[in-house]
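Here's a walk through one structure, going from ring pairs to a surface patch and then to charged contacts. Keep the viewer open and follow along.

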Amino acid sequence: DDFGLGDLGFEDETNDDGIGGAGGEGQAEGGDDDNFFVYPSPGKGWETKWSESSNLAGDLAAAGQFDMALHSLNRQIGAVNFKPLESRLTNVNNMAHASLPMMFGSSSMSIPLHRMDSNLTPLGLPRLCYTMPHCVDMLQQAYRFVSSGNFPKALETFKSILATIPVLELATTEDEKKLLDLKGICREYITGLRIEAKRRETKEPAKESALAAYFSRQRMQPMHQVRALLNAVKIAFKLKNYKATAAFCRRILELYVSGDKAQLSKVVKPAQIRALLKKTEGLNTDAVKVDYREGEALILDLKTLTPLDKDAKIYRCPYCFSTYASQGAICDTCGIAKVGADVSPYRPKQGGGSSGWR
């Protein structure tokens, strides 16, 4: 037979290399096992390694473990409303891989993208598309919206930052401190912008004055705080609350002295404020009772935007630390976490390493 097929009876299944054999056990004739080939077990994929190496929600999402990412967020920050986080988690997963085109008719190859340390050494973790500089850029944009008076867009941007922070890398305690500071800034501005929106809706002069005073107590950039104080001055003086007006004037002058005078001079004229302070200090009376005391500690229930009593029990959002008079509802500041929820925050290792974040 020119083709070497014999009579097609297949009686002899042994090939030229002596592998096969009639026994069907993959053994060579004569029972020698030396030529028996065993395929190696497949190793772990990068996605599996990522999910086993980190509890960070961003790393879990990059690995495609969305259920684990949501569970981690619930355990670490008390997240119960994941709608604000959906697009971030999806983006992290999509951008943790590169697509390498292959030959015509073949599907593209997915290439995992890895995080590097300062020495460009792979850390065995996915590269995350959201970074601290990205959030800082968003923060600067939010400041510009506040300066231009576009409060709705500013509020949207600050909330967007809070929705981005949970998927950021947190490798060191220094990173943790930066993120805590960033959350605090967003909380103060979101609270202030909510107060201002409520003030513009109210028709009661006393309540309007109180809300303006609450807004001025939020920790903001000096320029924005001076503008809030100027508004509080205008409303209090109109009500003939001269004692309150004088208190606001003193705070404006304190900010002017300690701040960037060149910038603050664009929004306030210190000579006018000093003249108004002198006039109102001489009168030193308040004609209308307002639910606000200058100089006293001010802790607001951020559900109702009203002051909490000194002896009242305070509940906090486990993520952004906003304060409330009751627990169980979704936080009005971040819109993500459940107020009063018990959490088990993870902290980064000193000097680097992967874990979760608080």
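This is a predicted model: local features need pLDDT of at least 70, side-chain atom pairs count only at pLDDT 80 or more; totals for chains, interfaces and linings use all residues.

**A tour of side-chain contacts**

At 33% relative accessibility, E169 counts as partly exposed, a label used when the value falls between the buried class (under 20% relative accessible area) and the exposed class (over 50%), with a 1.4 Å probe and protein chains only. Residues are numbered from 1 along each chain as its sequence is written, and side-chain values use heavy atoms, with hydrogens and water left out.

Let's begin with the rings. Phe, Tyr and Trp rings (for Trp, the six-membered one) pair if their centres lie within 6.5 Å; planes under 30 degrees apart are stacked, over 60 edge-to-face, and the rest tilted. The count comes to six aromatic pairs. Take Y143 and Y189: their ring centres sit 5.5 Å apart with the planes at 50°, so this pair is tilted. Y143 belongs to helix α5 (residues 132–147) and Y189 to helix α7 (residues 173–201), so the pair ties together parts that are 46 residues apart in sequence. Helices here are DSSP runs (H or I, at least four residues), as are strands (E, at least two), and both are numbered from the N terminus. Y143 is buried at 10% relative accessible area, and Y189 is buried too, at 1%.

Now look at F237 and Y242. Their ring centres are 5.7 Å apart and the planes meet at 65°, so this pair is edge-to-face. F237 is partly exposed at 30%, whereas Y242 is buried at 16%.

Next, the surface. L100, M102, M103, M109 and I111 make up a nonpolar patch with about 470 Å² of accessible area together. Areas like this come from the Shrake-Rupley method with a 1.4 Å probe, and for residues only the protein chains shown count as cover. Patch members need over 30% relative accessible area and no salt bridge; nonpolar side chains (Val, Leu, Ile, Met, Phe, Trp, Tyr) are joined within 5 Å, and like charges within 9 Å. One of the members, M109, lies in strand β2 (residues 109–112) and is partly exposed at 40%.

On to the charges. A salt bridge puts a side-chain nitrogen of Lys or Arg within 4 Å of a carboxyl oxygen of Asp or Glu, and the count comes to 14. So what does E169 pair with? Its partner is R115, with the closest N and O atoms 3.4 Å apart. R115 is in strand β3 (residues 114–116) and E169 in the loop between α6 (151–164) and α7, which links distant parts of the chain, 54 residues apart. R115 is buried at 7%.

D332 and K303 form another salt bridge, at 2.9 Å from N to O. D332 lies in the segment after β8 (323–324) and K303 in the loop between β5 (300–301) and β6 (306–307), so the pair ties together parts 29 residues apart in sequence. D332 is partly exposed at 22%, and K303 is partly exposed at 42%.

Finally, salt bridges that share partners join E196, R199, R200 and E208 into one network. Within it, E208 and R199 meet at 2.8 Å, N to O; E208 is partly exposed at 23%, while R199 is buried at 11%.
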